[in-house]
Protein chains: 2
Amino acid sequence: MLSEFALIDRFFARRAAAAPSRTAEGELGIGDDCALLAPRPGEMLAISTDMLVEGRHFFPDIDPEALGHKALAVNLSDLAAMGARPQAFTLAFSLPTADEAWLTAFSDGLFALAERYGCDLIGGDTTGGPLNLCITVFGSVRPQDALRRDAAQPGDDIWISGTLGDARAGLGVQRGEWSADANDTATFRRALERPEPRIVLGLALRGIAHAALDLSDGLAGDLLHILERSEMQATVDADAVPRSTALRRLPPEIQRRCTLAGGDDYELCFTAPVTARAAVEAAGREVNVPVTRIGTISALQTAADRPAIGWRDAAGAPLTLTLQGFDHFHAD
Amino acid sequence: MLSEFALIDRFFARRAAAAPSRTAEGELGIGDDCALLAPRPGEMLAISTDMLVEGRHFFPDIDPEALGHKALAVNLSDLAAMGARPQAFTLAFSLPTADEAWLTAFSDGLFALAERYGCDLIGGDTTGGPLNLCITVFGSVRPQDALRRDAAQPGDDIWISGTLGDARAGLGVQRGEWSADANDTATFRRALERPEPRIVLGLALRGIAHAALDLSDGLAGDLLHILERSEMQATVDADAVPRSTALRRLPPEIQRRCTLAGGDDYELCFTAPVTARAAVEAAGREVNVPVTRIGTISALQTAADRPAIGWRDAAGAPLTLTLQGFDHFHAD
């Protein structure tokens, strides 16, 4: 068994030091009591933290390389949703045993993604204990460019990047809730294990989108966060929510459940004025990420109105859906 | 059982919002994908993250109010060791059950300390799972003022704040390794559960001390980090290491074990030039924290020399000690 310090040094600190140095004067990484970090001039640090627990956010048999990827990806996704440029991250984790093969694969997945986005490991903590990963990520953004949840305006279109529901479909296959052929199962599993943070889209949407967030707990629950923070309502065409060809091969009611309340999508949901439709589509083309309009923001009509989503089908008829976002204390 | 969002709102977000707002223009706290934070003008953010796991860093029966205090205190201690002023923190935790009485006490302990140091909760994550607390803390410091581990100079005195060993003594009492009377047991337990981060001392030492770190894993192991980063050696008078009256009532060999390799002290170990002795003592008096000189830094003499600590007794005679810092993968 490696000691804690040898473990940090071998799998993390050395690789962190080997990453291309983009650091400003005075910046300080791993090895002191604190890292020292500053945002770019005129910008602020966008900060987000996520904790992943075995058995709840991933299966015990997950490929450790995929886990390394996903642990950072879900955090980068929060930066994407703010329109922030990744800069650095800290990693704290507890591990039952310091298995070298596991750590090699985990750190490979982690650093491959970190290096792709120029995001340096600047600190961390390791301890024994049930497997738990806590990453805190730092990006840089001008405050006036930040894509906040409270910025939706009446009349805004509601947009979604990529497709929704594949991760939830993959979870359902693993749980035996439904089945799919080998190809579709692989598609779903990839969505579940290797989400791609929409960093480049988030950056491209600065100055175009109003409000944004990333979809981690399911569209129905997450969009409600925008509505609550912006004090708005929304009308959404449930059938317009983009989905993969693989998901379209599952029964319609499963498609709807996966796309609207699935969770683990890590796509962006954002609002933008009608006048920006061409700009949104151009931004999506520029960064090669599909963007799809699914609905409209509207003001609350009376003082008694509450932020809520009115679901419609493709014909525009109202749908009554009982949907719930993925709540970790109400895990299904 | 409260849902995750109700829980965050009730115990954390509302209290975070109730804290005095010291935030600069554009700053953004809980409720969006990311918080937005900037250091003070001309300063950088000092960042540290620590993870606390039940059964390893604290006992399952720990008073949750004390746990809330300690979880933040050990992070603030890292800011103290950099000479940084606390600014904000994020809290991610996994909990087996969302017990309201437990959460009330935990958040009471957490926010009492946070408010005392003007440190705002700006974000977090909660999930179900084995009890695990991960805090990332942010302070602000001018890079030229930061008390780094690599800044020890030949001839520097080595100083310790407060007293060492009481937390380890308390652990020993709880484990039945040794016993103490009720008063001393209470003293030890308080040291173990309610460490006081040396923030004000760290700030007072800016411009005076050279190198510094906080003692979390035991003096023998932690001082070695300064020596390794600074490429220096040290001579330390093992009997000069400050200890409480309560600890002095335990057998000498237990005193030595607790003070030199105990861990969980959260006192500062720092170096300063001989010419700064009066300034160090004045800084200690100013902030009402005892400071004690325990040894001297020296340069490596030959290329084959390795950073190491030479232990001496009160008479100056060499001691051969087999000590090991508290290593979480070698838990004793």
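Predicted model: local features only at pLDDT ≥ 70, side-chain atom pairs only at ≥ 80, totals over all residues.
The extent of the interface comes first. In all, 70 residues of chain A are in contact with 70 residues of chain B. The size of an interface is often given as the accessible area lost when the parts come together. Here the area buried between chain A and chain B is about 5,400 Å², and carbon and sulfur atoms give 63% of that area.

On the side of chain A that touches chain B, strand β2 (residues 44–53) of chain A gives the most, with 9 residues. The residues of that side divide into 36 nonpolar, 18 polar and 16 charged. Strand β2(A) is also joined to strand β1 (residues 35–37) of chain B by 3 bridges, and the two strands run antiparallel. Within this arrangement, Ala46(A) stands opposite Leu36(B) in β1(B).

Aromatic rings provide a further point of interest. Over all chains, a search of the whole structure finds 7 aromatic pairs. Among them is the pair of Phe138(A) and Phe138(B), which is edge-to-face, with 5.7 Å centre to centre and 85° between the planes. This pair crosses between chains, from strand β5 (residues 132–141) of chain A, which holds Phe138(A), to strand β5 (residues 132–141) of chain B, which holds Phe138(B).

Methods
Residues numbered from 1 in each chain as written. Chains lettered and ligands numbered in written order. Heavy atoms only, no water. Contact = heavy atoms within 4.5 Å. Buried area = accessible area lost by both parts, 1.4 Å probe. Helix = DSSP H or I, 4+ residues; strand = E, 2+ residues; numbered from the N terminus. Nonpolar A, V, L, I, M, F, W, Y, C, P; charged D, E, K, R; others polar. Pairing = 2+ DSSP bridges. Phe/Tyr/Trp six-rings, centres within 6.5 Å; stacked < 30°, edge-to-face > 60°.
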